[in-house]
Each structure stands twice: as structure tokens, then as C-alpha cells.
Amino acid sequence: MEFLKIVAGCIVAAVVYGVVHDQITARVYVEYFTVFHPPVFHTQSPTLLAFGWGVIASWWMGAFLGVLLAIACRAGSLPKISLSNLLRPIAILLLVMGSCALMFGLIGFLWARAPEGMADLLSPSAERRFLADWWAHSASYASGLFGGIVLCFVSYRRRLRMRLESAGCSTGIAGA
């Protein structure tokens with residue numbers, strides 16, 4: 001049951017992050033969602049697009065990383081880590097992702113150039129806003145994937161330490 005709680009918690013965290021992230025980027029350049037994404041939602045509303053794409057574009061990453069994290073935290077005979085012990089590390093990862101999105105969104109806005117075929121579709125002012133969104137989204141995915149994998153390794157190492165600490169305490173060599 002705790003395995004599924006970890007997966008569900010990661011999905012919820014990813015979706016909340018995705019919706020908040022898209023609420024911001026949809027206001028930077030709504031055409032990122034209306035022109036450069038498939039027409040899943042027939043609306044021009046940045047709010048509705050952000051809710052829809054925030055869910056569609058992030059739940060699967062939360063599920064993928066949630067399964068990996070649940071395995072790292074629950075599989076085998078090592079001491080187990082529960083979802084409640086992961087809330088802070090997951091929140092920190094989301095803050096890091098948001099920081100990366102902001103930083104790379106600014107970099108995209110200030111210095112990036114659109115690929116040749118894409119630049120023809122954008123006015124000069126739209127190009128900068130599109131690139132800000134594109135770089136922010138790319139940074140979120142990359143930092144989320146990398147950070148999620150790091151969180152899996154850190155969690156597994158924590159389980160190894162927990163086993164060593166319990167073995168040291170039970171043999172009386174904890175202070176050695």
C-alpha cells in the first residue's frame with residue numbers, strides 16, 4: 001500500500017508543479033500551447049490551457065519517477081521509507097525545478113535563438129517569449145528527471161544507512 005502511496009504522491013506533486021508552471025508560462029506566451037502543441041483543448045484561455053497541459057504533460061513523469069522512487073524506498077529487506085518521509089525531499093526537488101525553469105527561461109528569453117524553420121513562424125518579439133517558455137519547460141523536464149533519479153539514489157543510500165545504524169545499535173558498536 002505504501003508503494004502505491006509513493007507513486008500517487010509523486011503523480012500529485014508532478015501535476016501540481018505542472019499546473020503552476022504552466023499557469024506562468026501560458027501567460028508569457030500562450031501560443032506555446034495553442035500553436036506549438038496539438039489542439040487537445042479548443043480554447044485560448046491561458047488558465048484552462050495551463051490546467052489541461054499541466055496535467056497531460058506532467059502526470060506521466062510523476063508516475064515514472066514515482067515507481068522508481070517507490071522501488072528505491074520499499075523494495076527488498078532494507079528498512080523502508082514511507083511517503084511522509086519523502087514529502088520534504090520532493091518539495092525541495094520541486095523548488096529546484098522551479099528555480100531551473102526560471103533561470104533557463106530567462107536565458108532562453110535573453111540569449112537563445114529559435115531553430116531556423118521555427119524562427120520563420122515567429123515575430124521577433126514572439127520569438128523571445130516562445131524561447132523563454134521552451135527553455136523553461138525543457139529545464140523543468142531535465143531537472144525533474146535528473147533530480148528524481150538522484151532522489152532515488154539518495155533514498156536507497158538512506159535505507160542502507162538505516163540498516164547499518166540499526167545493526168550498530170543492536171550490537172553495541174554505535175559509538176565506535
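S82 touches E2, I6 and R74, leaving out residues up to four places away in sequence; contact here means heavy atoms within 4.5 Å. This is a predicted model, in which local features need pLDDT of at least 70, side-chain atom pairs count only at pLDDT 80 or more, and totals for chains, interfaces and linings use all residues. Residues are numbered from 1 along each chain as its sequence is written, and side-chain values use heavy atoms, with hydrogens and water left out.

**Around S82**
- You will find S82 in the loop between α4 (59-74) and α5 (87-111); helices are DSSP runs of H or I with at least four residues, numbered from the N terminus.
- S82 counts as buried at 17% relative accessibility (buried is under 20% relative accessible area, exposed over 50%, partly exposed in between, with a 1.4 Å probe and protein chains only).

**Around W135**
- W135 sits in helix α7 (residues 124-171) and is partly exposed, with a relative accessible area of 32%.
- Beyond its neighbours within four places in sequence, W135 contacts F104, G105, I107, G108 and A112.
- W135 and A112 are 23 residues apart along the chain, and their C-alpha atoms are separated by 8.7 Å.

- L68 belongs to helix α4 and counts as partly exposed at 32% relative accessibility.

Note on methods: Helix = DSSP H or I, 4+ residues; strand = E, 2+ residues; numbered from the N terminus.
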